[in-house]
Amino acid sequence: MQVFTVEGMSCGHCVKAVTQAVQSKDPAASVRVDLVAKEVGVESALSAEQVIEAISEEGYVIKLA
């Protein structure tokens with residue numbers, strides 16, 4: 001599982017937006033969002049760069065954890 005630190009997530013809408021962003025690129029992806037830790041775990045065939053791009057397109061700032 002790839003883990004990313006994602007700034008700006010604060011609610012259920014953020015969880016849905018991040019999850020849908022990743023799954024739009026890889027429908028089989030498993031996405032785990034931890035709002036308190038500001039972390040997103042992704043199990044996917046996508047590269048880290050592709051995951052970062054997908055989440056960034058939603059307006060979030062991502063750092064590798």
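**Note on the predicted fold and its core**

1. Read along the sequence, the protein chain follows the pattern β-α-β-β-α-β, with two helices and four strands. Helices (H or I, at least four residues) and strands (E, at least two) are DSSP runs, numbered from the N terminus. The radius of gyration, taken over C-alpha atoms, is 10 Å, close to the 11 Å that the globule rule gives for 65 residues, so the chain is as compact as a globular protein of that length. That rule is 2.2 Å times the number of residues to the power 0.38.

2. This is a predicted model, in which local features need pLDDT of at least 70 and side-chain atom pairs count only at pLDDT 80 or more, while totals for chains, interfaces and linings use all residues. Residues are numbered from 1 along each chain as its sequence is written, and side-chain values use heavy atoms, with hydrogens and water left out.

3. Along the principal axes, the C-alpha atoms of the protein chain fill a box of roughly 25 × 20 × 20 Å. Of its 65 residues, 35% count as buried (under 20% relative accessible area; exposed is over 50%, partly exposed in between; 1.4 Å probe, protein chains only). Among contacts (heavy atoms within 4.5 Å) between residues at least 6 apart in sequence, 67% join residues at least 24 apart.

4. Strand pairing comes next. Two strands pair if DSSP finds at least two bridges between them. S1 and S3 pair in the antiparallel sense over four bridges; phenylalanine 4 has valine 40 of S3 as its bridge partner. Strand S2 (residues 30–34) also pairs with S3 in the antiparallel sense, over five bridges, and glutamate 43 in S3 is the bridge partner of serine 30. The hairpin of S2 and S3 has four residues between the strands, and lysine 38 there takes a positive phi near 60°.

5. The largest nonpolar core has 17 residues, of which Val6, Val22, Val40, Ile55 and Tyr60 touch the most other members. A nonpolar core is a set of buried Ala, Val, Leu, Ile, Met, Phe, Trp, Tyr and Cys residues joined through side-chain atoms within 4.5 Å. Two or more residues each come from strand S1 (2–7), helix H1 (12–25), strand S3 (39–43) and helix H2 (48–56). H1 gives the most, with four residues. In soluble globular proteins, nonpolar side chains tend to be buried together.

6. Valine 40 illustrates the packing. Not counting residues up to four places away in sequence, valine 40 touches Gln2, Val3, Phe4, Val6, Met9, Val18, Val31, Arg32, Val33 and Ile55.

7. On H2, the buried residues are Ala48, Val51, Ala54 and Ile55. They cover an arc of only 130° around the axis, which puts them on the same side of H2; the arc is that of the directions from the helix axis to the C-beta atoms.

8. Threonine 19, found in helix H1, is buried, with a relative accessible area of 18%. Residues up to four places away in sequence aside, threonine 19 touches Val31 and Val33.

9. Glutamate 7 lies in strand S1 and is partly exposed, with a relative accessible area of 30%. Leaving aside neighbours within four places in sequence, glutamate 7 is in contact with Lys38, Tyr60, Val61 and Lys63. The C-alpha atoms of glutamate 7 and alanine 37 are 30 residues apart along the chain and separated by 9.9 Å.
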